[in-house]
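Please read the following with the model open beside the text.

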Amino acid sequence: MLRFLMLIFLTGGVLTAAVEPRRAAPLPLSEAANTGFADEEARDRRGGWIDNGAVQDLRSFRPGRLTHELADFEIIDPAANQGRSCVVLGGASHKYLPRKAAQPLDGVVMKTLVLLHASAWTPPERTEIGSVWVDFTDNTSLRIPVVAGQDVGNWMPPAHYTNAHVGWKESRDDTEVGLYVSCFPVTDKPVARLRFESNGRAVWMIVAAASSPDRLVLDADLQYTFRRNADWREIRFDHAVEPGSALDFSFQLDAPAGKHGFLRAVGENFEFEKRPGVPVRFYGANLTLTANYMSHAEADQLAERLSRIGYNAIRLHHYDRDLMVKTAGNSLEIDPEQLDRLEYLIAALKKRGLYILIDLYSIRDPVAGEFSTLPGVGRGPVGRRDYKLGAMLHPEMNGNLKMFARKLLTHVNPYTGLALIDEPALAGVCVLNENMIFSLYNACRGDREIAAFFRQKFGEFCAANPAEARTASRPAVFRRFLYQVYLEYWRDMATYLRQLGLRAPLTELNHRQAPLALGLRENFDYVDDHIYWDHPRYLNRKRGQPPIRLINTSVLNDSVRILPVRSIAPTRIIGKPFTVTEYNFCYPNAFRAEGAPVFAAYAAFQNWSALYRFDYASGYVSLFSRVPNQSYFGVSADPVRLLGERIAAAFFVRGDLAAGRRTVPVT
């Protein structure tokens, strides 16, 4: 011991002891709590988590002690607190929820307040959503701002922020939900009470609180640098495939497309009119945005390449943005040069046996002032959502959609000699892409003109149906109103297109799995939906740009939730063909190679009728790039996913995996 002390003295050392900060202790929240974790009916204004129904509540969250590395939280048992287990403050589309809550404290002294919380309908990063007021016993107060993308984040799915680390999470179908732990510095004086206040920009959910006499901070973000080593191998990538080689799967195609007549929906299968009783399936990919526009020589080169992958169909997606004359002052003037490129591509694909799938609206931008009674539509960042909603109810916007459809579908392709209405290589038409009316309206900001128009029409609906309006809750009546709006729109639109001469199968509502939509989908020729595994979660304002968050796990580890199959299966209607026109196992998930084979195997076993990868290429540049892995979605330069495409084509189109022989309903 003497030698140790002498060493400290001689070296000028100072003997200190490292003291670990004490874990934060639970704070009471029972008086501030204003609702429970479970919610039986969405938007009945009675609360229950975020008042969005049983599918989006937190009933799986268990009361009792929850331990985090910085804090212990006590989760209130609602059975012991008059059904109240958490604080939920209103905002965004749920402004009717309480905006304030208070919790008395008995002189607790703390340097750090720790919250277990989250938000919903969260605004962009660096937007303040509310405040914590700390009222001290000396009659002074401290205001702590709570900022989205810094101190709190959306609960579905959770991400990682500077002062908001995911403290609890669970998987739900193809997404995750979670709660955040956040640390806020507090002046170390006795506290009389805490007050929570929402400013209306989001719904704010506070599940538990804790305090520490020490200054606690969350660990800083870790930075990683990847360097090449002996385990890395260089890939020399080339799009070209040697004809007749092991990678040439064009032998599966039956060129030209359309040789067996028009496609028909017969029971749960597609059939060609000249080959009755013979089911047909499609496996293909999406060409997106400028990937639909190239020179004639490049179109021939691309069509040949796609045929050798084994694709027998291509979805021309998001083509409508770049088809239009940008300076026209309206959204209906088609650029003849762009139309020529698109129609030559269609002819090139058809020649090699690839069928075509199109939407009549995806991202064609409405022009500000184009619709006299809704002059603002098109000015804001959600103008495309406005258009989708308006096309289902607003006469001018519906007429705009019909006029575009007429122009596109009736123009004779000089390279095939046929208009699309007469084209047997057209395998299907979706009128409005991803237009689930219920979720579209929920996502539409209440101050938008189109939302006001829908509210006006809802008032007329209630006046015309007074008995129904009196005997049911307002949210239920509004859902029935939206249901009726869509039904009338679809019947009118389908009649219009058939009278125009269109013979291809028709569908819509290819987004989300709302049970209420089943009755609407029964009116389609076939049912379609979209699904992804490990879709990137964007952590900044610029969608599509890093940083992103991903789960980076194998879908084969997902037990009975294998794939997104369990998520998407309820969309299907037995007795109709079922297709998935957008699916992907996204880059940079390290297990993405399994995506196409596994998804195609399940699809074949379930006897689905078509699968389309989203996407082959997201733009012209990526069509011909030899730099691997430029896109979360595009497979054109990803050798890992391209190999799987061939396996999927064999499983699904060639029929290497047989369909199941029994149908088992699952509730």
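Ser-211, once its neighbours within four places in sequence are set aside, is in contact with Ala-24, Ala-25, Leu-27, Val-108, Met-110 and Thr-112, where contact means heavy atoms within 4.5 Å. The residue belongs to strand S12 (residues 203–212); helices (H or I, at least four residues) and strands (E, at least two) are DSSP runs, numbered from the N terminus. Because its relative accessible area is 9%, Ser-211 is buried, a word that stands for under 20% relative accessible area, with exposed for over 50% and partly exposed for what lies in between (1.4 Å probe, protein chains only). Between Ser-211 and Lys-111 there are 100 residues in sequence, yet 7.5 Å in space from C-alpha to C-alpha.

The model is a predicted one, in which local features need pLDDT of at least 70 and side-chain atom pairs count only at pLDDT 80 or more, whereas totals for chains, interfaces and linings use all residues. Residues are numbered from 1 along each chain as its sequence is written, and side-chain values use heavy atoms, with hydrogens and water left out.

Another serine, Ser-182, lies in strand S10 (residues 175–185) and counts as buried because its relative accessibility is 0%. Its side chain is joined to that of His-117 by a polar contact of 2.9 Å, that is, a pair of N or O atoms within 3.5 Å of which, within protein, one must be able to donate a hydrogen and the other to accept it, residues adjacent in sequence counting only if both atoms are side-chain atoms. A polar atom of the Ser-182 side chain also lies 2.7 Å from the backbone oxygen of Asp-151. Asp-359, in strand S17 (residues 355–361), is likewise buried, because its relative accessibility is 1%, and its side chain makes a polar contact of 2.7 Å with the side chain of His-317. Residues in contact with Asp-359, beyond its neighbours within four places in sequence, include Arg-315, Leu-316, Tyr-319 and Cys-430.

Which residues have the most contacts inside the largest nonpolar core? They are Leu-316, Ile-358 and Tyr-616, in a core of 113 residues, a nonpolar core being a set of buried Ala, Val, Leu, Ile, Met, Phe, Trp, Tyr and Cys residues joined through side-chain atoms within 4.5 Å. Helix H9 (residues 474–500) gives the largest share of this core, 14 residues. Apart from this core lies another, of 36 residues, among them Leu-58, Leu-70, Phe-73 and Val-207. Residues up to four places away in sequence not being counted, Ile-358 touches several residues, including Leu-316, Tyr-319, Leu-408 and Leu-420.

Leu-408 and Leu-420 are also among the residues that line the largest cavity, together with others including Leu-339, Glu-343, His-411 and Glu-423. On a 1 Å grid over the protein atoms alone, a cavity is a set of points where a 1.4 Å probe fits but cannot get out, and lining residues have an atom within 4 Å of a point. The largest cavity holds about 90 Å³ of space, and a search of the whole structure finds 5 cavities of 30 Å³ or more; grid points are joined across faces, edges and corners, and a volume is the space filled by probe spheres set on the points. Helix H3 (336–351) and strand S19 (418–419) each supply at least two residues of the lining, and the largest share, 4 residues, comes from H3.

Helix H12 (residues 595–605) is mostly covered, with 9 of its 11 residues buried. Among the elements that cover these buried residues are strand S22 (527–533), strand S26 (610–617) and helix H14 (639–654). Just after H12, Asn-607 takes a positive phi of about 60°.

Most residues other than glycine have a negative phi, and most peptide bonds are trans. His-318, in the loop between strand S16 (313–317) and H3, has a positive phi of about 55° although it is not a glycine, and it counts as buried because its relative accessibility is 18%. A cis peptide bond, with omega of about 0°, joins Phe-614 and Asp-615, and Asp-615 lies in strand S26. Another cis peptide bond, with omega of about -5°, joins Ala-255 and Pro-256.

Technical notes
1 Å grid on protein atoms, 1.4 Å probe; cavity = no way out; pocket = protein on both sides within 12 Å on 5 of 7 lines; lining within 4 Å.
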